[in-house]
Amino acid sequence: MLIRVAKEKDIAKLVEFDQKLYTLHENLKDPHPLAKRGQKGITKRLTRYLVAELNGQIVGTLYFKKVARYLVVSHIWVEDCCRKQGIGAALLKTAIKIGKEKGCKSIKLTVRDVNTDAKEMYSKLGFVPGGVLLFLDIE
Ligand SMILES: CC(C)(COP(=O)(O)OP(=O)(O)OC[C@H]1O[C@@H](n2cnc3c(N)ncnc32)[C@H](O)[C@@H]1OP(=O)(O)O)[C@@H](O)C(=O)NCCC(=O)NCCS
């Protein structure tokens, strides 16, 4: 397995993964953000995507962005076929390394309380709760 920064040839896969992620969140029905940004924007942000490559196939991704002294991580996705093989953890470990190289003081991400798989992964890597995500149902 190889973890690397995304390249232009990976864009279609990134869009596909992001759309799958969006279906997990019933409140995110907008078209894929990458699709709205145009080629220039996509290319610019590509260096903030990591991809996991297994046997020549892209099977996972993660997006990161330095905000102040945090590395904010989001859009973590591993294909169904390849879960529970350490790919999500490998993506996160690479993001942690990048965060250290960039002089960040911590890695920040959000996770739904119901997402037990992801919470288990974050916890194993040493992530601890540092806030509460509040929701108000207004429908
Ligand atoms: C969450 C997700 C990225 C995990 O990816 P993964 O490659 O399967 O995770 P890993 O194999 O690296 O697992 C690392 C640890 O997480 C935990 N874990 C992962 N999947 C788990 C599951 N289905 N059940 C219980 N624990 C799980 C385990 O503790 C595992 O450690 P172990 O291998 O020593 O048992 C993947 O399930 C996924 O893409 N889910 C849908 C998208 C999503 O929820 N993204 C996160 C949004 S916040």
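## Basis of the model

Helices (H or I, at least four residues) and strands (E, at least two) are taken here as DSSP runs, numbered from the N terminus. The structure is a predicted model, in which local features need pLDDT of at least 70 and side-chain atom pairs count only at pLDDT 80 or more, while totals for chains, interfaces and linings use all residues. Residues are numbered from 1 along each chain as its sequence is written.

## Overall fold

The protein chain contains 4 helices and 5 strands. Along the sequence these elements follow the order β-α-α-β-β-β-α-β-α.

A residue is termed buried if 20 or more other C-beta atoms lie within 10 Å of its own, exposed if 12 or fewer, and partly exposed in between, with C-beta atoms placed from the backbone. The protein chain has 139 residues, of which 20% count as buried. Two residues are in contact if their C-beta atoms, placed from the backbone, lie within 7 Å. Considering contacts in the protein chain between residues at least 6 apart in sequence, 59% join residues at least 24 apart.

## Strand pairing

Two strands are said to pair if DSSP finds at least two bridges between them. Strand S2 (residues 49–54) and strand S3 (residues 57–67) run antiparallel and are joined by 6 bridges; across this pairing, Tyr49 stands opposite Tyr63 in S3. The hairpin of S2 and S3 has 2 residues between the strands, and Asn55 in this hairpin takes a positive phi near 50°.

S3 is also joined to S4, by 7 bridges in an antiparallel arrangement. Phe64 stands opposite Val73 in S4, and Lys65 has Val72 as its bridge partner in S4. The hairpin of S3 and S4 likewise has 2 residues between the strands, with Ala68 taking a positive phi near 50°.

## Nonpolar core

A nonpolar core is a set of buried Ala, Val, Leu, Ile, Met, Phe, Trp, Tyr and Cys residues joined through C-beta atoms within 7 Å. The largest such core has 22 residues, and those with the most contacts inside it are Leu50, Val51, Leu62, Leu71, Val73, Leu91 and Ala95. Helix H1 (11–24), S2, S3, S4 and H3 each supply at least two residues of this core. S4 provides the largest share, 5 residues.

Leaving aside neighbours within four places in sequence, Leu62 is in contact with Leu50, Val73, His75, Ile76, Leu91, Leu92 and Ala95.

A residue is near a molecule if its C-beta atom, placed from the backbone, lies within 6 Å of it. The ligand is surrounded by 18 residues, the closest being Arg83, Gly88, Ala89, Glu120 and Met121. Two or more residues of this shell come from each of strand S4 (70–78), helix H3 (87–101) and helix H4 (116–124). H4 gives the largest share, 5 residues.

By class, the shell around the ligand has 9 nonpolar, 4 polar and 5 charged residues. In this classification Ala, Val, Leu, Ile, Met, Phe, Trp, Tyr, Cys and Pro count as nonpolar, Asp, Glu, Lys and Arg as charged, and the others, Gly among them, as polar.

## Individual residues

Glu53 lies in strand S2 and counts as partly exposed because it has 15 C-beta neighbours inside 10 Å. Not counting residues up to four places away in sequence, Glu53 touches Met1, Leu2, Arg4 and Ile58. Glu53 and Arg4 are 49 residues apart in sequence, while their C-alpha atoms are 7.9 Å apart in space.

Most residues other than glycine have a negative phi. His75, found in strand S4, has a positive phi, near 55°. Since His75 has 18 C-beta neighbours inside 10 Å, this residue counts as partly exposed. Lys84 lies in the loop between S4 and H3, and its phi is also positive, near 65°. Lys84 is exposed, because 9 other C-beta atoms lie within 10 Å.
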